[in-house]
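Here is a short report on one protein chain. Look over the sequence and the structure first, then read on.

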Amino acid sequence: EWSVAQVLESRLSSERALSRMELARRLQVGDRKIRQAIEILRRLGWPICSSSGKAGDRLSTKPAVLDALERDFTARALSALRTRSAIRRTRRLLAA
């Protein structure tokens, strides 16, 4: 995780994001390891941002980017909760 963090941190002033493929190549690990590291770092509070439609992840301290990241994760969480509710309804129907 820390290797990914170090690479992203070294590029903090750059607007250019790094793709997971590029991170994996630089660190000589697989894509799965990069995804796991990014998830762990995000859970630790690292503001690793990615934007839909653009490849790559980047570390950002810009308030607008962090607001967008928070909205994105809120939307994902709500979507997951709606899916869970639908599964529970189906389960109840099948049990009846």
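## After helix H3

Start at Gly-45, which follows helix H3. The phi of Gly-45 is positive, near 100°. Keep in mind that this model is predicted.

## The whole chain

The chain has 96 residues. Its secondary structure comes to four helices and two strands. Read along the sequence, the pattern is α-α-α-β-β-α.

How much of the chain is buried? Of its residues, 24% count as buried. The accessible surface comes to about 7200 Å². Carbon and sulfur atoms account for 54% of that surface. Now take the contacts between residues at least 6 apart in sequence. Of these, 39% join residues at least 24 apart.

Helix H3 covers residues 31-43. That makes 13 residues. From first C-alpha to last, H3 reaches 18 Å. This is close to the 18 Å expected at 1.5 Å a residue.

Which residues of H3 are buried? They are Ile-34, Ala-37, Ile-38, Leu-41 and Arg-42. Seen down the axis of H3, these buried residues fall within an arc of 130°, so they line one face of the helix. An α-helix has 3.6 residues a turn, so residues three or four places apart point the same way. The face of H3 turned away from the buried side carries Arg-32, Lys-33 and Arg-43, which are exposed.

Arg-42 sits in helix H3. Is Arg-42 buried or exposed? Its relative accessibility is 18%. The cut-off for buried is under 20%, so Arg-42 counts as buried.

What does Arg-42 touch, leaving out residues up to four places away in sequence? Its contacts are Ile-48, Cys-49, Ser-50, Asp-57 and Phe-73.

## Asp-72 in helix H4

Asp-72 is found in helix H4, which covers residues 63-95. Its relative accessibility is 30%. Buried means under 20% and exposed means over 50%, so Asp-72 counts as partly exposed.

How far is Asp-72 from Cys-49? In sequence, the two are 23 residues apart. In space, they are 9.9 Å apart, C-alpha to C-alpha.

Technical notes
Residues numbered from 1 in each chain as written. Predicted model: local features only at pLDDT ≥ 70, side-chain atom pairs only at ≥ 80, totals over all residues. Heavy atoms only, no water. Buried < 20%, exposed > 50% of the residue type's maximum accessible area, 1.4 Å probe, protein only. Contact = heavy atoms within 4.5 Å. Areas by Shrake-Rupley, 256 points an atom, 1.4 Å probe, with all protein chains shown as cover. Expected span 1.5 Å × (residues − 1). Arc of directions from axis to C-beta.
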